[in-house]
Amino acid sequence: MNRLLFTLFAACIALMTACGGGAATQTASAPNAAPSAPTTPTTPTLPNTSSAAWREPLKVSYQGVAVDVVIDKPAGTAFDVLLVYHGTVMQDALVMQAAQKTLDEFRGLLNDPAVMVVSVAYPEENLLIGDNLAQAEAALLWVKHRAAAELGLQIRHVFLGGHSQGGYLVTRLNTLHPTQGVIANAPGPIDLVHRCRLEEEGTIASGEHCTRLRQAYGTTTANPAAYAARSLVSFTTGYQSDIFFVQGLEDSRLVQMAVWPGFKQQVQACTNCRGVQVLELPGFGHEALFDNPQARDAFRAFLNARR
């Protein structure tokens, strides 16, 4: 009997050791053991079909093109959506921060907390101006065609809003896809031939956009058509939805304001565009839409008239 009990006891101890049970059987990691590999961040699990409010970053894709967005969903299950695009930051490490800031700025303009705001963290690093239109478009098409099913929501109307380079992108998107309306604050670059020639002449400091274009195409004198093709002034017709441009008249005198009057004249003369509205604000600069009460009220009126 004693032999049998001893055998059973030894087997139990062996089983506990194999399964890691019991404090006496736990062993410390070897001092020189390699650390475990860090886990790859995963897409957050969103509360589908939930009526609760939430704000989360999310990677979305449409037809194989992926882009990061930040979604600010109010309480409820049916929404109009304002899809917004930030201004230039150049480094992709900063685009999510820019998307968050732009979301907050546009959210602050709204007088209806029930609008869902989606901010697009489109890439910029090592790209020629306009090459990120693919990601900007993917975000729009995801919102229009997939977001409702993937998020468990009902989406009614989709509006676009953009600031600076974001205004450039939403203006170009308006030539490709209809929405309920588009707002562009200080859109640009309007004329890359003009801007990059100023840099070539040393009138203004060199920037990354023009440097990359010069590396790809040569100077504005040698190849002006390549610069013009990417300029917003080449996209002043064929707007598929009503568009509202806001421009502070104290914006950059040499860059933005030197070409703004010509751009304004072209969009207002468009014969195959939906409605074009322009608000110019003396005494305000590049952030006029977010700084001026008149611009805020006009923004709200533009949205509310189309909802």
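P189 sits in the loop that runs between β6 (181–185) and α6 (192–201). Helices here are DSSP runs of H or I with at least four residues, strands are runs of E with at least two, and both are numbered from the N terminus. The bond between G188 and P189 is a cis peptide, with omega at about 10°. This is a predicted model, in which local features need pLDDT of at least 70, side-chain atom pairs count only at pLDDT 80 or more, and totals for chains, interfaces and linings use all residues. Residues are numbered from 1 along each chain as its sequence is written, and side-chain values use heavy atoms, with hydrogens and water left out.

Most peptide bonds are trans, and most residues other than glycine have a negative phi. Two residues deserve a look on the second point. Q63 has a positive phi near 50° and is not a glycine. Q63 lies in the loop between β1 (54–62) and β2 (65–73). S164 is not a glycine either, yet its phi is positive at about 60°. S164 belongs to the loop between β5 (154–163) and α5 (165–173).

Are these residues buried or exposed? Buried means under 20% relative accessible area, exposed means over 50%, and partly exposed is in between (1.4 Å probe, protein chains only). Q63 is exposed, at 64% relative accessibility. S164 is buried, at 13%.

Next, the disulfides. A disulfide is a pair of cysteine sulfur atoms within 2.5 Å. A search of the whole structure finds two. The table lists them.

| Disulfide | S to S | Angle about the S-S bond | Handedness |
|---|---|---|---|
| C196–C210 | 2.1 Å | -80° | left-handed |
| C270–C273 | 2.0 Å | 90° | right-handed |

C196 is buried at 0% relative accessibility. C210 is also buried, at 0%. In the other pair, C270 is buried at 16%, and C273 is buried at 17%. With the bonded cysteines of the protein chain numbered in sequence order, the pairing is 1-2, 3-4.

α6 and α7 (residues 208–217) meet at an angle of about 95°, with their axes 10 Å apart. The two are therefore roughly perpendicular. Axes are lines fitted to C-alpha atoms, for helices over the stretch in contact, and angles run from 0 to 180 degrees between N-to-C directions. Angles under 35 degrees count as roughly parallel, over 145 as roughly antiparallel, 65 to 115 as roughly perpendicular and the rest as oblique.

Which residues of α6 meet α7? L192, R195, C196, E199 and E200 do, against C210, L213 and R214 in α7. Contact here means heavy atoms within 4.5 Å. By class, this contact has four nonpolar, no polar and four charged residues. Ala, Val, Leu, Ile, Met, Phe, Trp, Tyr, Cys and Pro count as nonpolar, Asp, Glu, Lys and Arg as charged, and the others, Gly among them, as polar.

Now the pair α2 and α11. Helix α2 (residues 95–109) packs on helix α11 (residues 293–304) at about 80°, with the axes 9 Å apart. That makes α2 roughly perpendicular to α11. In α2, the residues F106, G108 and L109 meet R296, F299 and R300 of α11. The contact of α2 with α11 has three nonpolar, one polar and two charged residues.
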